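Q: I am new to this structure. Please show me how to read its features, one at a time.

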Amino acid sequence: MTFPKEFKEAIQNLPSAEKDKLIFRLLKHDLDLANRLHFELVNTETVEERRSAIQKEVTKAVTRMSDRFYSLGYLLMDIRDLSGTISEHVRITKDKFGEASLNIQMLNKVLKTNKIRLENSKTNDTYKINIYVIARAFKILLLVNSLHEDYLMEFKESLNELGTRISQNSSLMKTAINNGLDVNWLLEGEIPENIIAIHKEIRSNGFLK
């Protein structure tokens, strides 16, 4: 939303005490902004330190959800909750590198600890979680592609692991092929320059859903 120049000037000319009241009132209705300001203005933790803490949380959470496994449906719910934790970290810190690395870590850990379950489940039971994994893999490629090219080398190993885990599961590979994800992009760490256009076209054709 764009604010008129006159409105901005009127806000700037408010007395300091009045502006403070307005800020605190607005922050009560925008917890994401409040948390981000707290992180930037008060918290002594660096982005890297917070990312490291979330990495440990991801490992513990995936272990916990896998140990208490009930069904693939419940597993997917737990994964979505964990994804929300990662998204919250990104909203607070603006950690674009962490958004990519934490999502790769989450998928690799989930696929590793639930390998047998995913391979031995019926197609109807695996469809939703397979689509989620492939859609998230696409998102990861988009995230890595949006970073400076120098960062790509730092992701090659984990991208290769993700591609390997997908390729070793016939059901996941079928879902990847049917939804336009070339697993070689992950295996080789070579992301097409037009990945955004590819993803947009695939989505517009009704896939990855």
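A: Read along the sequence, the pattern is α-α-α-α-α-α-α-α-α-α-α-α. That comes to 12 helices and 0 strands. Helices (H or I, at least four residues) and strands (E, at least two) are DSSP runs, numbered from the N terminus. The model is predicted: local features need pLDDT of at least 70, side-chain atom pairs count only at pLDDT 80 or more, and totals for chains, interfaces and linings use all residues. Residues are numbered from 1 along each chain as its sequence is written, and side-chain values use heavy atoms, with hydrogens and water left out.

Q: What does the C-alpha trace span along its principal axes?
A: The span is about 65 × 40 × 35 Å.

Q: How do I read burial, and what percentage of the 209 residues is buried?
A: Buried means under 20% relative accessible area, exposed over 50%, and partly exposed in between (1.4 Å probe, protein chains only). Here buried residues make up 36% of the 209 residues.

Q: Which residues have the most contacts inside the largest nonpolar core?
A: A nonpolar core is a set of buried Ala, Val, Leu, Ile, Met, Phe, Trp, Tyr and Cys residues joined through side-chain atoms within 4.5 Å. The largest one has 46 residues, and M106, I166 and L181 have the most contacts inside it. Helix α8 gives the largest share of this core, 10 residues.

Q: What does M106 touch, leaving aside its neighbours within four places in sequence?
A: Contact means heavy atoms within 4.5 Å. On that basis M106 is in contact with V58, V62, I79, L82, S83, I86 and Y132.

Q: How many aromatic pairs are there?
A: A pair of aromatic rings is described by the distance of the centres and the angle of the planes. Rings of Phe, Tyr and Trp (its six-membered ring) pair if their centres lie within 6.5 Å; planes under 30 degrees apart count as stacked, over 60 as edge-to-face and the rest as tilted. This structure holds 4 such pairs. In one of them, the centres of F97 and F155 are 4.9 Å apart and the planes stand at 45°, so the pair is tilted. The pair links distant parts of the chain, F97 in α6 (residues 96-113) and F155 in α9 (residues 152-167), 58 residues apart. Both F97 and F155 are buried. Ring pairs also link F97, Y151 and F155 into a cluster.

Q: Where do F138 and W185 lie in the chain?
A: F138 and W185 form an edge-to-face pair, 6.0 Å centre to centre with 70° between the planes. F138 lies in α8 (residues 123-146) and W185 in α11 (residues 183-188), 47 residues apart. F138 and W185 are both buried.
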